[in-house]
Amino acid sequence: MAERERRHARPRGVIFVPRSQLLTEDEVERALRRMAHEVVERNDDPRTLVVIGLQTGGVPIAERLRDILADITGVDIEFGLLDVAFYRDDVSLHPVLESAETSISSDLTDRTVILVDDVLYTGRTIRAALNALSDWGRPRFVQLAVLVDRGHRELPIRPDFVGKNLPTSHDEAIDAGVDGVWIGTLVAK
Amino acid sequence: MDWNVGGEVIDSIAGRNLITLRDVSQQAIVEILDTAEAFAEVNARAIKKVPTLKGRVVASLFFEESTRTRLSFETAAKRLSADVLSLAVASSSVKKGESLRDTIATIEALGIDAVVMRHSASGAPEQVSRFVPHVRVINAGDGQHQHPTQGLLDVFTIRQVLAARHGTTGRESGCELFAGLKVLIVGDLRHSRVARSDVMAYTTLGATVRVCAPGTLLPVDVSQWPVEVVENFDDALGWADVVGVLRLQKERGTGSLVPSLGEFTRTHGLTWERARRLSPSTLITHPGPMNRGVEIDSRVADLDVALMERQVANGVPIRMSVLYLSLAGRAPERSTDE
């Protein structure tokens, strides 16, 4: 749900109209496998890892990444869900956001958190997520994995693991999931 | 009561006041309950605070005594990181005869975003909302009119318990568990704003409601409520899936309307003997504070199916949800001048 248009518009009000497909399902799977290998390469002990998916777009991607990580390392990787609606800096400027489930079962102190989202755009969702994480303790590291980095950062935030860099313009929209990545526009219903 | 008065029905309280449940649609209630589930999760964390309403000011104005509602609202506002101004009416200029309008004008001049208000006069929050159109007004109980957050936390509590019994979650179940649910509300209906909000919340979600009270404690307009009036409490015991017991409001002159407290207990109290004739799965609610031994037997109040503690605990997430939705959404009146 990093994608600004989808986050900020009421889901009932806006629909995504795809223009062209940028990644196929196979290409997404390959990108996620490469990212998983990069995560393992960077972090010595997979037992300290906690994969946390950002609601809602980041969740299926995080689940897939966790499965691949478990496959590669043979370790059962801990998993969590995080919704940042209550931590945003713009709740007053936009209609109320749908709240999704947050579920983080353990104290994150001294763990390595792999924060996963579908699209990295302004960085404001990640800023909110970093604030939220501190309510569960003090992680040793927080690393950011995104399927698509579309640029246009408004905050000093950078990803650690990227599936695909896609330069875009502000009026375009990206829809990224485990089944593929599309570029298109958002139109009012 | 104003059941059939044609008013605008709203599908979300985002950016709106919450004064009555009359004009709140099923969709809007489900949105409040679902958002409350998210806040219940926040309340289960080690750090039970989110920065959502940082920088917002919520004034709590209780012109009538309250323990749980006031504490619950103030806890809710603080867990959302709002600043809370609390007006202690007993030590304020209200005691010097200041009018409601002037008190509110003072409060508004301090730059507050929302007023949580309880007043002994029905309609006072509605009136205040007209004085200060840019301030969100949340009704925390007005006279014999409405107590919307109590109605909401009652249906939230019932949904939680029923969802757990059906192996689902409140959020997944939406309002389907209320279809055909049989709710019996008993006691001092005449003075009860809780009953009025409960009836609206339950019926809007699809439940069937029956009410039972001594003739003197029935509201004069009960024929216009979307409920069936039951003459005999004992006859309705086997019917109910939920029994909502109301507090006998001695402070509102109920004493002169019943022959004696003992008489009331004999005819309309949820005694141990009556509780044994309920189905074992029947749930019992009471808005508190309880008159143990009057409208509810002390042993009944301590049964597992009696949800009072849960109701109090759920007050915080429900009120967080109402404050969040009301304040976080864009206020319609403000959108033009921003």
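## Domains of chain B

Chain B is assigned two domains: domain 1 (26–146 + 314–329) and domain 2 (148–313). These bounds come from an automatic or database domain assignment. This is a predicted model: local features need pLDDT of at least 70, side-chain atom pairs count only at pLDDT 80 or more, and totals for chains, interfaces and linings use all residues. Residues are numbered from 1 along each chain as its sequence is written, while chains are lettered from A and ligands numbered from 1 in the order in which they are written.

The C-alpha centres of domain 1 of chain B and domain 2 of chain B are 25 Å apart. Their contact (C-beta atoms, placed from the backbone, within 7 Å) involves the residues tabulated here.

| Side of the contact | Residues |
|---|---|
| Domain 1 of chain B | 23 residues |
| Domain 2 of chain B | 24 residues |

On the domain 1 side, helix H1 (26–43), strand S4 (136–142) and helix H12 (308–328) of chain B each give two or more residues. Helices (H or I, at least four residues) and strands (E, at least two) are DSSP runs, numbered from the N terminus. H1(B) gives the largest share, 8 residues.

## A:Gln143

A:Gln143 sits in strand S5 (residues 141–149) of chain A. Its C-alpha atom is 6.0 Å from that of A:Leu115, 28 residues apart along the chain. Beyond neighbours within four places in sequence, A:Gln143 contacts A:Thr112, A:Ile114, A:Asp160 and A:Phe161.

Terms used: Two residues are in contact if their C-beta atoms, placed from the backbone, lie within 7 Å.
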